[in-house]
Amino acid sequence: MMLGALVAFALVFNACGPDDGGENDGGGSNQEYPSTADVIRNAVKDIDGNKYDAVKIGNQVWMASNLRSTRYADGTSIPLGEITSDTEPYRYAPGTAQSNEENMVNVPAYGYLYNWAAVMRGASSSDANPSGVQGICPKGWHVPSDAEWTQLTDYMKTRPEYMSSGNINNLAKALAATWGWESSSEPDNVGYEPSTTNNATGFSALPAGGYSGSYYDFGDYADFWSSTEYDSGNALTRYLNYSNAGVYRYYVDKYYGFPVRCVRD
């Protein structure tokens with residue numbers, strides 16, 4: 001991994017807890033959002049029947065929870081992985097246990113972790129805006145490019161309600177969910193009093209951690225794929241951590257498993 005700072009977080013609030021609705025509605029129609037969020041309920045349904053709310057942030061519409069599909073939009077299965085690969089597509093169930101079976105209970109709220117091959121489904125790297133890469137996303141939605149992540153955070157920098165302590169580099173709290181995060185004692189950090197100070201955008205980012213041959217950092221951080229390569233072995237991501245105030249730009253090995261957020265075409 002390598003760091004390349006981008007942005008960070010905000011204030012404002014309301015509850016965003018695990019969904020208690022139907023089996024396909026986790027993170028969907030029963031989710032709660034702050035009054036500051038522009039929410040579209042049940043904006044999309046994937047091929048497995050999972051429903052996803054969306055939030056409008058600036059001119060973009062983002063899924064408000066992590067993708068949890070087991071299949072591509074045409075019905076092709078995405079294999080459940082027990083190994084890593086930067087060429088073969090895999091999905092993984094996030095959690096603190098070291099097996100998909102034990103972690104499967106987390107999927108309704110946290111979604112799956114996917115390697116970059118699964119996310120892109122053979123598409124070439126794109127830094128266009130919009131990316132033009134449907135990849136793993138439902139029809140009418142696409143994998144966000146690095147440029148689209150930058151558009152999101154650049155817009156947030158224009159909105160005082162998304163900046164913690166009035167700092168344009170403190171945007172992470174405005175994207176982070178109000179629950180699930182490890183605690184932090186620093187007021188601008190994601191883990192500081194999340195139930196009352198997080199999620200002004202409604203983006204509801206949860207700390208699903210990652211997979212790199214073993215599961216790690218569940219509860220500590222959220223790292224989201226983009227459609228943009230850094231080089232032949234790495235792709236760019238956006239990263240939030242419980243003990244930081246910023247949203248950071250990294251490059252990461254393509255074999256890692258991370259969550260996916262889709263953007264509406």
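Before I go on, a word on what we're looking at. This is a predicted model, so local features need pLDDT of at least 70 and side-chain atom pairs count only at pLDDT 80 or more, while totals for chains, interfaces and linings use all residues. Residues are numbered from 1 along each chain as its sequence is written, and side-chain values use heavy atoms, with hydrogens and water left out.

Okay, back to the cysteines. A disulfide is a covalent bond between the sulfur atoms of two cysteines. Here we call one when the two sulfur atoms are within 2.5 Å, and a search of the whole structure turns up 1. C137 and C262 are joined with an S to S distance of 2.2 Å. C137 lies in the loop between α3 (116-120) and β7 (141-142), and C262 in the loop between β12 (246-253) and β13 (263-264), so the pair ties together parts that are 125 residues apart in sequence. Helices (H or I, at least four residues) and strands (E, at least two) are DSSP runs, by the way, numbered from the N terminus. Both C137 and C262 are buried, and buried means under 20% relative accessible area, with exposed over 50% and partly exposed in between, using a 1.4 Å probe and protein chains only.

Now the inside. A nonpolar core here is a set of buried Ala, Val, Leu, Ile, Met, Phe, Trp, Tyr and Cys residues joined through side-chain atoms within 4.5 Å. The largest one has 36 residues, and F203 and L240 touch the most other members. β3 (51-57), α4 (146-156), α5 (172-175) and β10 (221-231) each put in at least two residues. There's also a second, separate core of 32 residues, and C137 is in that one, along with V44, Y221 and V252 among others.

If you click on F203 and skip its neighbours within four places in sequence, you'll find contacts (heavy atoms within 4.5 Å) to residues including V55, I57, W149 and F224.

Two of those sit in β3, residues 51-57. How many of the 7 residues of β3 are buried? It's 5, so the strand is largely enclosed by the rest of the structure. We say two strands pair if DSSP finds at least two bridges between them. β3 runs antiparallel to β2 (residues 38-45), with 5 bridges, and I40 stands opposite A54. That hairpin has 5 residues between the strands, and G49 takes a positive phi near 90 degrees. On to β4 (residues 60-63): β3 pairs with that strand over 4 bridges, again antiparallel. The β3-β4 hairpin has 2 residues between its strands, and G58 in the turn has a positive phi of about 65 degrees.

Last stop, the rings. Phe, Tyr and Trp rings (the six-membered one for Trp) pair if their centres lie within 6.5 Å; planes under 30 degrees apart are stacked, over 60 edge-to-face, and the rest tilted. The structure holds 20 such pairs. Take Y216 and Y256: they're edge-to-face, 6.3 Å centre to centre, with 90 degrees between the planes. Y216 is in strand β9 (residues 215-216) and Y256 in the loop between β12 and β13, so this pair ties together parts 40 residues apart in sequence. Both belong to a cluster of linked rings that also includes Y221, W225 and F258.
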